[in-house]
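Please look through the structure shown here before reading on, and keep it in view while you work through the points that come after it.

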Amino acid sequence: MDEVLSRILEAEREARRIIDNAYEEAKRIEAEAVTKAQELAKKVYEEILEKARRTAEEEVKRIEEETVNEIKSIEDHVKNEVESLKRTASKNFEKAVELIVTEMLKP
Amino acid sequence: MSTVGNLDRLVETITKNAEEEAQKIISKAKEKADSIIKKAVDEAKSKAEAEASEIIRKEREEALRKKRSEVAKARMDAFRKVLDYKEKLIEDVVEEAKKRIQNIVGTEEYKARLVEMLKEAIRVLGGGVIEIKLNKRDLELGLDLNAIASELSQELKKPVELRLSSDVGSFVGGLIAKSIETGIEVDYTVEGILERKWKNLRVEVAKQLFAE
């Protein structure tokens with residue numbers, strides 16, 4: 001009878017050990033998960049922000065290029081307008097001078 | 001079955017149950033671990049995406065603000081450049097007109113116009129004793145002041161006496177007439193006429209000069 005009880009107690013102890021080990025393993029798994037979660041979260045966070053910074057940089061570059069093109073277009077337009085004024089004024093110069101001369105001598 | 005056989009089965013069952021329980025505990029821990037990782041990653045992702053949008057928005061807004069400012073400045077500079085150029089062209093016309101005036105001084109056409117200016121000045125001043133200031137060159141034109149005075153005296157039915165000022169004018173052409181009795185002065189110098197007329201004349205000159 002003692003032997004029976006002894007084997008059952010032994011089996012119970014073994015069962016307890018197995019479960020205790022499982023709890024220990026579970027604790028280790030969870031602790032590992034917390035560390036892994038922190039590392040992964042940091043990695044994901046940094047990757048997204050890095051990507052955002054690159055996107056922002058590209059967007060700024062695109063807008064800067066647009067600005068340069070728009071300003072160049074304005075300057076080209078002015079250059080053409082000045083050239084056109086020069087041609088027109090040259091054509092009408094004599095008449096304009098005559099207009100002033102006439103008016104300058106008329107009280 | 002023997003007692004030993006039953007005991008073996010019991011021990012086996014206890015161990016098996018414990019192993020199953022252990023398996024459940026570990027599975028649950030793994031599920032929890034997955035959940036911890038997923039939650040942390042999701043939270044980080046959500047936070048990072050919000051910050052990322054803000055970074056892009058701020059950088060874009062700053063770049064657009066800079067663009068608006070630089071384009072507005074370029075437009076303003078362009079507008080000013082065109083205006084300055086127009087002004088320069090008008091100035092060239094005025095300078096040329098002044099040169100022409102210098103060149104026509106001494107011609108019969110100028111002399112006739114100077115006489116007309118003088119007659120107009122006498123009419124404006126209403127006759128009387130009038131002092132005339134001319135520039136050095138026009139003094140040498142030999143205007144017949146007595147004949148002009150006589151003609152205007154008849155026209156105005158009032159005595160007219162013209163006297164040359166001892167001061168010599170430093171203007172391009174034209175004259176300054178001053179009534180000795182009233183002290184009223186009429187400025188018919190080329191510069192004076194141009195200054196008075198310039199506001200309206202400038203519009204006309206610009207119209208003429210830039211007409212297509």
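Predicted model: local features only at pLDDT ≥ 70, side-chain atom pairs only at ≥ 80, totals over all residues.

Chain A has one helix and zero strands, whereas chain B has five helices and four strands.

**Confidence and overall dimensions**

- The pLDDT of chain B averages 93, and 100% of its residues score at least 70.
- For chain A, the radius of gyration is 45 Å, while a compact globule of 107 residues would have a value near 13 Å; the C-alpha atoms of chain A fill a box of roughly 145 × 25 × 10 Å when this is taken along the principal axes.
- For chain B, the radius of gyration is 51 Å, while a compact globule of 212 residues would have a value near 17 Å; the C-alpha atoms of chain B fill a box of roughly 170 × 35 × 30 Å, again taken along the principal axes.

**Where the two chains meet**

- In the contact between the chains, 60 residues of chain A touch 68 residues of chain B, and the residues on the side of chain A that touches chain B divide into 38 nonpolar, seven polar and 15 charged.
- The residues that make up the contact of α1(A) with α1(B) divide into 66 nonpolar, seven polar and 32 charged.

**The sheet of chain B**

- Read from the N terminus on, the elements of chain B follow the order α-α-β-α-α-β-β-β-α.
- The four strands form an open sheet of chain B in the order β2-β1-β3-β4, and the pairing in this sheet is mixed.
- The edge strands are β2 (160–164) and β4 (185–189) of chain B, each of which pairs on one side only, and the twist from one strand to the next averages 20°.

**How the strands pair**

- Strand β1 of chain B, residues 128–133, runs parallel to β2(B) and is joined to this strand by five bridges; B:Val129 has B:Glu161 as its bridge partner in β2(B), and B:Ile132 has B:Leu164 as its bridge partner in β2(B).
- The pairing of β1(B) with β3(B) is antiparallel, over four bridges; here B:Ile130 stands opposite B:Ser179 in β3(B), and B:Glu131 has B:Lys178 as its bridge partner in β3(B).
- The pairing of β3(B) with β4(B) is antiparallel, over five bridges, and in β4(B) the bridge partner of B:Lys178 is B:Glu185.
- The hairpin of β3(B) and β4(B) has five residues between the strands, and in this hairpin B:Gly183 takes a positive phi near 80°.

**Helices against the sheet**

- Helix α2 of chain B, residues 108–125, lies across β1, β2, β3 (174–179) and β4 of chain B, and runs at about 20° to β3(B).
- Helix α5 of chain B, residues 190–209, packs on the sheet and touches β3 and β4 of chain B, with a direction that makes about 95° with that of β4(B).

Definitions and conventions: Residues numbered from 1 in each chain as written. Chains lettered and ligands numbered in written order. pLDDT = per-residue confidence, 0-100. Contact = placed C-beta atoms within 7 Å. Nonpolar A, V, L, I, M, F, W, Y, C, P; charged D, E, K, R; others polar. Pairing = 2+ DSSP bridges. Helix = DSSP H or I, 4+ residues; strand = E, 2+ residues; numbered from the N terminus. Axes fitted to C-alpha atoms, helices over the stretch in contact; angles between N-to-C directions. Rg over C-alpha atoms; globule rule 2.2 N^0.38 Å.
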